Amino acid sequence: MTRASETCDGRPAEGAGLPDITVTSRGLPEWLEPVARVARDVRPEQLSRFLPPESGSGRQSAVLVLFGEGTDGQPELLLMERAGTLRSHAGQPAFPGGALDPADGDPQTTGPLRAALREAEEETGLDPSGVQIFGVLPRLYIPVSSFVVTPVLGWWREPSPVGAVDLAETASVFTVPVAHLTDPRNRVTSVHPRGHTGPAFAVGSALVWGFTAGVIDKILHFAGWERPWDRSRQVPLDWHA
């Protein structure tokens, strides 16, 4: 996968017969620069102990980690709640995203970038032309669903209306202030019925956990935004999680 550090700012990424996609950190708001540095410097093993199988197996997918500014000018992150009837990760708060289609192009180069934008448009209705891709994190692995996931980092340069496009896939779409995610009062440790634990975030009546919470947790940590929080505060997940 082409990393942001390997793509010259402002240079269109190549894809035969497909529209150009530019990966650039130029013009980002100052507060987002630490996240751009994470994309340039972080190693896969620093993000997760679950990395793609060396055999190359797994279903290629991508998610859009989209940062914007709310009406109050404060940083926020776009999330959605997956429909409760889906086969994989039903009912979970998540980043917009999904599996790559052949039309997205090469999964080792720009395919995940196109997939992240396409899926976000299909699930939330956002206008991808208003999104600036400024970095790409290393590919990670979700063992329970065998997804190989590329987190694509975006700056919502020109916000557009969003909402659940297809209720069979998306229950709701919402933004969360970054300040809410860094507030120690909203941080807990989730406990899965099978016994494994992980970072989680209380967002209103919802709990962000699993892969999505893990990526948020690592971004906050390596961007220098993390505040000390009580990891002994545990929240058990529902039995069907």
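Colleague: How many helices and strands are in the protein chain?

Modeller: The chain has 5 helices and 14 strands. Keep in mind that this is a predicted model.

Colleague: And what share of the residues is buried?

Modeller: Of the 241 residues in the chain, 48% are buried. The chain exposes about 11,500 Å², and carbon and sulfur atoms supply 51% of that area.

Colleague: What about contacts between residues at least 6 apart in sequence: what percentage join residues at least 24 apart?

Modeller: The figure is 66%.

Colleague: Now the inside. How many cavities of 30 Å³ or more are there?

Modeller: The count is 1. The largest cavity holds about 30 Å³ of space.

Colleague: Which residues line the largest cavity?

Modeller: The lining consists of Phe67, Leu77, Val178, Leu181, Ile216, Ile219 and Leu220. Two elements give two or more residues each to that lining: helix H4 (178-182) and helix H5 (210-222).

Colleague: Which element gives the most?

Modeller: H5 does, with 3 residues.

Colleague: On to charges, then. How many salt bridges does the structure hold?

Modeller: It holds 10. In general, side chains of opposite charge can pair when their charged atoms come close.

Colleague: Which residue does Arg43 meet in a salt bridge?

Modeller: Its partner is Glu45, at 3.1 Å from N to O.

Colleague: Is Arg43 buried, partly exposed or exposed, and why?

Modeller: Arg43 counts as partly exposed because its relative accessibility is 46%, and that class lies between the 20% and 50% cut-offs.

Colleague: And what is the N to O distance between Glu119 and Arg118?

Modeller: Their side chains meet in a salt bridge at 3.2 Å. Glu119 has 10% relative accessibility, so it counts as buried. Arg118 is also buried, with a relative accessible area of 17%.

Colleague: Last one. Which residue does Arg231 meet in a salt bridge?

Modeller: Arg231 meets Glu226, with 3.2 Å from N to O. Glu226 is partly exposed, at a relative accessible area of 24%.

Conventions. Residues are numbered from 1 along each chain as its sequence is written. This is a predicted model: local features need pLDDT of at least 70, side-chain atom pairs count only at pLDDT 80 or more; totals for chains, interfaces and linings use all residues. Side-chain values use heavy atoms; hydrogens and water are left out. On a 1 Å grid over the protein atoms alone, a cavity is a set of points where a 1.4 Å probe fits but cannot get out, and a pocket is an open set with protein on both sides within 12 Å along at least five of seven lines; lining residues have an atom within 4 Å of a point. Grid points are joined across faces, edges and corners, and a volume is the space filled by probe spheres set on the points. Helices (H or I, at least four residues) and strands (E, at least two) are DSSP runs, numbered from the N terminus. A salt bridge is a side-chain nitrogen of Lys or Arg within 4 Å of a carboxyl oxygen of Asp or Glu. Buried means under 20% relative accessible area, exposed over 50%, partly exposed in between (1.4 Å probe, protein chains only). Contact means heavy atoms within 4.5 Å. Accessible areas come from the Shrake-Rupley method with a 1.4 Å probe; for residues, only the protein chains shown count as cover.
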